Amino acid sequence: MTLRSERHLDFFNFMFTRFTRTHMRAVRIAKWGLPAVPRGAPAVIFANHPSWWDGVAFMLLYRRLLKDRPLFTPMAEWALDKYAFMRRLGVFGIETGSSRGTVAFLRTAEHVLKDPSHILWMNAPGRFCDPRERPIPIAPGMTRLPEMAPGAHFVPLAFDYPFWSERKAEMLVAFGEPIPAATLLDLERDARTAHLSAALGAVCDRLTEDAISRDPARFETLVQGKEGMGGVYQLWRRLRATMRGERFDPRHDHQTGDAR
């Protein structure tokens with residue numbers, strides 16, 4: 001079982017937050033998409049997988065929204081070898097592309113989900129895929145998880161990373177309504193796969209509508225990054241505003257509603 005270290009979690013939450021503030025404009029969660037994860041039972045948060053940033057997003061969301069529910073998440077063993085420190089963050093390795101790897105993943109997931117306080121966070125497709133791809137792929141191991149944890153709840157999570165009016169991208173997220181494992185167990189596996197895909201796709205589609213609006217007021221900001229162009233030009237703009245006695249706003253678009 002993965003070794004978890006609260007000290008490591010605190011440190012890497014700090015590092016991931018700092019990294020995100022440097023490279024993203026903001027992390028925003030849709031106001032309708034705050035997590036409603038039932039208490040007293042384990043949960044599986046299953047997300048789409050559009051970007052390398054998804055793993056960072058898991059950490060940021062966990063520490064800000066569900067910190068009292070220990071996080072566990074699978075990662076391809078070859079990738080985890082490159083980021084070995086993540087074994088101390090609740091990440092466990094899986095062999096991809098083989099039935100043996102699927103069986104090993106299910107055994108580990110079953111062990112994790114025996115504890116009603118635990119949450120398993122995972123990318124449902126098992127591969128990178130564009131956020132507009134439909135139907136959203138669902139990996140075979142994901143479809144079998146309700147059989148390993150019949151008391152769990154399955155919560156869809158949508159990610160999108162659009163560019164709005166600034167130099168850096170937005171990290172937009174939204175959770176959907178929990179699905180009891182019992183509901184999924186009433187379905188044959190093919191129908192179960194379609195149900196999970198449709199539920200996740202519906203959350204992604206709704207988040208896309210908010211992304212298209214480019215309206216920060218539709219979201220709550222969890223992490224605010226640096227804005228503006230940076231560099232010498234931004235320094236000059238700041239100095240000019242100071243000399244004129246004006247408030248300096250580093251943003252390119254001054255019409256958006258998220259001025260601070």
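This is a predicted model: local features need pLDDT of at least 70, side-chain atom pairs count only at pLDDT 80 or more; totals for chains, interfaces and linings use all residues.
I found F19 in helix α1, which spans residues 6-23.

**Surface patch.** I then looked for what accompanies F19. F19, W52, Y83 and F128 make up a nonpolar patch on the surface. I noted about 430 Å² of accessible area for the four together.

**Helix pairs.** Two packed helices are described by the angle between their axes and by the distance between those axes. I took α1 with helix α2 (residues 54-65): their axes come within 10 Å and cross at roughly 115°. That angle makes α1 roughly perpendicular to α2. I logged the crossing of α1 past α2 as left-handed.

I went on to helix α4 (residues 99-112) and helix α5 (residues 140-148). The axes of α4 and α5 come within 10 Å and cross at roughly 40°. The crossing of α4 past α5 is right-handed.

**Salt bridges.** How many salt bridges does a search of the whole structure find? I got 14. One entry is a network of salt bridges that links E6, D10 and R63.

I checked R127 and E133, whose side chains meet in a salt bridge at 2.8 Å, N to O. R127 counts as partly exposed at 38% relative accessibility, and E133 is partly exposed with a relative accessible area of 29%.

Next I opened the pair D205 and R134, a salt bridge with its closest N and O atoms 2.5 Å apart. D205 lies in helix α7 and R134 in the loop between β5 and α5, so this pair ties together parts that are 71 residues apart in sequence. I have D205 as partly exposed at 38% relative accessible area and R134 as partly exposed at 34%.

E147 and R189 form another salt bridge, and their closest N and O atoms are 2.8 Å apart. Because E147 is in helix α5 and R189 in helix α7, the pair ties together parts 42 residues apart in sequence. E147 is partly exposed, with a relative accessible area of 29%. R189 also comes out as partly exposed, at 40% relative accessibility.

**Backbone.** Most residues other than glycine have a negative phi, and most peptide bonds are trans. I looked for departures from this. The peptide bond from R134 to P135 is cis, with omega near -5°. I located P135 in the loop between β5 (119-123) and α5. R134 is also the partner of D205 in the salt bridge noted above.

R214 is not a glycine, yet I read a positive phi of about 55° for it. R214 sits in the loop between α7 (189-213) and β9 (219-224). At 44% relative accessibility, R214 counts as partly exposed.

**E95.** Where does E95 lie? I found E95 in the loop between β4 (91-94) and α4. E95 counts as partly exposed, at 36% relative accessibility. I also checked E95 against P74: the two are 21 residues apart along the chain, and their C-alpha atoms are separated by 9.9 Å.

Technical notes: Residues are numbered from 1 along each chain as its sequence is written. Side-chain values use heavy atoms; hydrogens and water are left out. Patches are made of residues with over 30% relative accessible area and no salt bridge: like charges are joined within 9 Å, nonpolar side chains (Val, Leu, Ile, Met, Phe, Trp, Tyr) within 5 Å. Accessible areas come from the Shrake-Rupley method with a 1.4 Å probe; for residues, only the protein chains shown count as cover. Helices (H or I, at least four residues) and strands (E, at least two) are DSSP runs, numbered from the N terminus. Axes are lines fitted to C-alpha atoms, for helices over the stretch in contact, and angles run from 0 to 180 degrees between N-to-C directions. A crossing is left-handed if the near helix is turned anticlockwise from the far one by less than a right angle, and right-handed if clockwise. Buried means under 20% relative accessible area, exposed over 50%, partly exposed in between (1.4 Å probe, protein chains only). Angles under 35 degrees count as roughly parallel, over 145 as roughly antiparallel, 65 to 115 as roughly perpendicular and the rest as oblique.
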